[in-house]
Amino acid sequence: MSGSGHTPVVRFEDVTVEFDDQPVLSGVSFEAQEKESRVIFGAAGSGKTVLLKTALGLIKPSKGRVFAFGRDLTAMREQELFEIRSRMGMLFQESALFDSLTIEENVAYPLLNQKSIHCSVKEAQRRVQEALDFVELGDTLEKFPSELSGGMRRRAAIARAVVTAPPLILYDSPTAGLDPITAYTIMALLIKERDAAGTTTLMVTQRYQDGHLMANFRYNSEQGRLEPAQNGAARDLRTTFMVLREGRLVFEGRQEELERSDDPYLSKFVKKREE
């Protein structure tokens with residue numbers, strides 16, 4: 001538990017989630033502080049996506065409690081959850097854009113359909129344009145998802161996740177299925193959002209490089225690119241690595257601690273850094 005005295009943005013207290021009496025998460029406890037990033041690894045079926053959906057209140061724990069912004073999600077009615085979700089952004093696997101809506105309509109969706117966000121159509125248009133400009137897709141408003149490449153769809157989904165300016169964003173495998181260059185572009189956008197807005201980030205990924213970038217790079221807004229955090233400043237980025245195994249949290253710590261581990265399961269998620 002943190003000694004900072006600040007209320008964690010997200011807190012899991014001994015959370016177990018079961019489907020058909022089979023545990024998918026088992027006794028998971030952790031907390032994410034304001035402006036902290038959490039990079040979550042684990043084998044397929046280890047509970048990573050379930051953890052994110054539980055943090056969103058989309059899945060109710062079988063045991064334990066989940067808090068967001070100091071409020072107990074497990075005790076909330078659905079209407080109350082709508083309000084708290086307006087303070088969260090979510091990038092789902094494979095982008096999950098609505099095929100029948102234009103990119104503008106996709107990005108505007110959370111602004112116009114979350115009742116706790118009181119946003120006029122005119123204000124929504126401004127914020128959508130701003131969000132799409134942020135991900136360098138400002139000229140795609142009238143296009144449909146099928147007209148965009150996979151990387152562009154992922155960027156549009158990021159715009160939708162950040163358009164409400166949420167203090168907490170959850171990313172489910174943001175670079176999955178993308179080539180290395182496009183994956184780097186996506187990570188640059190995630191880090192740009194983190195640094196520009198000071199968001200708390202939970203990111204599920206299978207790519208160790210994603211975690212390495214999150215933990216060691218800043219976005220230089222003047223140069224428009226990532227750059228290494230210098231002079232020990234990487235510690236100021238406050239990135240914590242987590243590893244799930246069969247629903248259990250088997251590692252929680254800093255990148256260097258993960259790299260030092262001789263546990264064979266943990267070692268599967270670590271790639272040696274390029275010199």
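Trainee: In β11, which residue is the bridge partner of Ser37?
Mentor: Strand β11 covers residues 239-245 and pairs with β3 in the parallel sense over 6 bridges. Strands here are DSSP runs of E with at least two residues, helices are runs of H or I with at least four, and both are numbered from the N terminus; two strands pair if DSSP finds at least two bridges between them. In β11, the partner of Ser37 is Thr239.

Trainee: What pLDDT do side-chain atom pairs need to count?
Mentor: Residues are numbered from 1 along each chain as its sequence is written, and side-chain values use heavy atoms, leaving out hydrogens and water. This is a predicted model, where local features need pLDDT of at least 70, totals for chains, interfaces and linings use all residues, and side-chain atom pairs count only at pLDDT 80 or more.

Trainee: And in β8, which residue is the bridge partner of Ser37?
Mentor: β8 spans residues 200-204 and also runs parallel to β3, over 4 bridges. The β8 partner of Ser37 is Thr201.

Trainee: How many residues of β3 are buried?
Mentor: Buried means under 20% relative accessible area, exposed means over 50%, and partly exposed is in between (1.4 Å probe, protein chains only). Both faces of β3 are covered, with Ser37, Val39 and Phe41 on one side and Arg38, Ile40 and Gly42 on the other. For strand β3, residues 37-42, the buried count is 6 of 6.

Trainee: Phe41 is in there, so what kind of aromatic pair do Phe41 and Phe269 make?
Mentor: Rings of Phe, Tyr and Trp (its six-membered ring) pair if their centres lie within 6.5 Å; planes under 30 degrees apart are stacked, over 60 edge-to-face, and the rest tilted. That rule gives 7 aromatic pairs. With ring centres 6.1 Å apart and planes at 20°, Phe41 and Phe269 are stacked.

Trainee: How many residues apart in sequence are the parts that this pair ties together?
Mentor: Phe41 and Phe269 are both buried. Phe41 sits in strand β3 and Phe269 in the segment after α9 (264-267), so the parts tied together are separated in sequence by 228 residues.

Trainee: Which residue forms an edge-to-face pair with Phe269?
Mentor: The two rings lie 5.1 Å centre to centre, with 75° between the planes. Ring pairs link a cluster that includes Phe41, Tyr208 and Phe241.

Trainee: Which helix supplies the largest share of the lining of the largest pocket?
Mentor: That pocket holds about 650 Å³ of space, and among its 21 lining residues Arg85, Phe92, Tyr109, Pro110 and Gln114 lie nearest its centre. α2 (78-85), β6 (88-91), α3 (103-113) and α5 each give at least two residues. The largest share, 4 residues, comes from α2.

Trainee: Is Thr140 buried or exposed?
Mentor: Thr140 is found in the loop between α4 (121-134) and α5 (150-162). Leaving aside neighbours within four places in sequence, Thr140 is in contact (heavy atoms within 4.5 Å) with Ile103, Leu132, Leu148 and Met152. At a relative accessible area of 2%, Thr140 is buried.

Trainee: What phi does Glu246 have?
Mentor: Most residues other than glycine have a negative phi. Glu246 is in the loop between β11 and β12 (248-253) and counts as exposed at 67% relative accessibility. Although not a glycine, Glu246 has a positive phi of about 50°.

How values were computed:
1 Å grid on protein atoms, 1.4 Å probe; cavity = no way out; pocket = protein on both sides within 12 Å on 5 of 7 lines; lining within 4 Å. Points joined across faces, edges and corners; volume = space filled by probe spheres on them.
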